[in-house]
Amino acid sequence: MSQENSHKNRVLIYVDMRRRDYTTATYLKHELEKLDLEVKFASRYTVRWIYPYFRPHVIISSHCNMFEGPLLDQWARECEIVVAPVEGAVVEDKELFLSLTEDGKFHPGVRVNDFAPRMTRYYSWGERQKRWLLGEQVFQDNQVVVTGYPRFDIKYQGGIIDRKNLPIGFLSSFDRISVFDNRSVFELVDGQRPPKNYYFSNRNVEDRYWCAVAHIRLLFELLDRCKEQGRKVLIRPHPNESLRDYDYLKKTYPENVSFCTDPDMGRFLEQVS
């Protein structure tokens, strides 16, 4: 199949993590359908068999790193690849792909300079991210378009908010040891051993567990201090975490802890100091 054989009015949206990305993908699908486009969703498990039957003209992916080289080659020949990232904010220079690269690799066998030419557009979160991408010669200027973060609605930050009496905000990321589907610890560890897990190839799986346990200990220290001072904490769990695990915090700190599970980051930020 070539681009001439793809359906010009079809768009395939790759949804990497339903609990995190589905709201954004649904809104995007709704807007594209207003343009008389036919839109389908695909997951990391279904995209390979949906693609040849649906034959889209455009694939919108949430990530750069989820697909191997031969598959990307095929897609680049047959359709346009667009990336609307849901992860990848630049906190410091070169931190954009910190969790995705090891010696320049996005995925085993896929390097930055191999992936970038295959892509039509990369929708960047902001000008700083774009400057980094261009400065590192990851992409060309005509590939990067600044659109903003897809899960952050700027309208919530339009007014002046007196934040001194608002709760302290805490963003958790304990999904390595607390998972929404309550899978066994053996499955968790096995799934993060090389070569199944392509992140941090120079580290062992226990490094990630050590970090998670250390962060939980620090969270308890923070909550103890806030309890002493009468401060409140608003926790925003990672979408992949088990909310049931937080019942212990509700019971232990009933007057100090509350939770925000809204997919829009803006609604969390407007509630914290």
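**Notebook: a walk through a predicted model**

**Entry 1: arginine 55.** I started with arginine 55, which sits in the loop between helix 2 and strand 3. I kept in mind that this is a predicted model. I looked up the backbone and found phi of arginine 55 near 50°, a positive value in a residue other than glycine.

**Entry 2: asparagine 182.** I then looked up another positive phi. Asparagine 182 has phi near 55°, and it too is a residue other than glycine. I found asparagine 182 in the loop between strand 9 (168-171) and helix 6 (185-191). With a relative accessible area of 43%, asparagine 182 is partly exposed.

**Entry 3: helix 2 and helix 3.** Helix 2 (residues 47-54) packs with helix 3 (residues 69-78), and I noted an angle of about 20° with the axes 13 Å apart. Angles under 35 degrees count as roughly parallel, and therefore helix 2 and helix 3 are roughly parallel to each other. Their crossing is left-handed. Which residues meet there? From helix 2 I listed Val47, Arg48 and Tyr51, and from helix 3 Leu71, Gln74, Trp75 and Glu78. I sorted the residues of this contact into four nonpolar, one polar and two charged.

**Entry 4: helix 1.** I asked which residues of helix 1 (residues 18-33) are buried. They are Arg20, Asp21, Thr24, Ala25 and Leu32. The cover over these buried residues includes strand 1 (7-14), strand 2 (38-42) and strand 3 (56-61).

**Entry 5: phenylalanine 259.** Then I jumped to strand 11 (residues 257-259), where phenylalanine 259 is found. Phenylalanine 259 counts as partly exposed because its relative accessibility is 24%, and buried means under 20%. Leaving out residues up to four places away in sequence, phenylalanine 259 touches Leu234, Ile235, Pro237, Tyr246, Leu249 and Lys250. I also checked arginine 236: it is 23 residues from phenylalanine 259 along the chain, yet their C-alpha atoms are separated by 5.8 Å.

**Entry 6: the whole chain.** I finished by zooming out. The protein chain has nine helices and 11 strands. Of its 273 residues, 40% are buried. Among contacts with a separation of 6 or more, 70% come from residues 24 or more positions apart. The accessible surface comes to about 15,900 Å², with 52% of it belonging to carbon and sulfur atoms.

Methods:
Residues are numbered from 1 along each chain as its sequence is written. This is a predicted model: local features need pLDDT of at least 70, side-chain atom pairs count only at pLDDT 80 or more; totals for chains, interfaces and linings use all residues. Side-chain values use heavy atoms; hydrogens and water are left out. Axes are lines fitted to C-alpha atoms, for helices over the stretch in contact, and angles run from 0 to 180 degrees between N-to-C directions. Helices (H or I, at least four residues) and strands (E, at least two) are DSSP runs, numbered from the N terminus. Angles under 35 degrees count as roughly parallel, over 145 as roughly antiparallel, 65 to 115 as roughly perpendicular and the rest as oblique. A crossing is left-handed if the near helix is turned anticlockwise from the far one by less than a right angle, and right-handed if clockwise. Contact means heavy atoms within 4.5 Å. Ala, Val, Leu, Ile, Met, Phe, Trp, Tyr, Cys and Pro count as nonpolar, Asp, Glu, Lys and Arg as charged, and the others, Gly among them, as polar. Buried means under 20% relative accessible area, exposed over 50%, partly exposed in between (1.4 Å probe, protein chains only). Accessible areas come from the Shrake-Rupley method with a 1.4 Å probe; for residues, only the protein chains shown count as cover.
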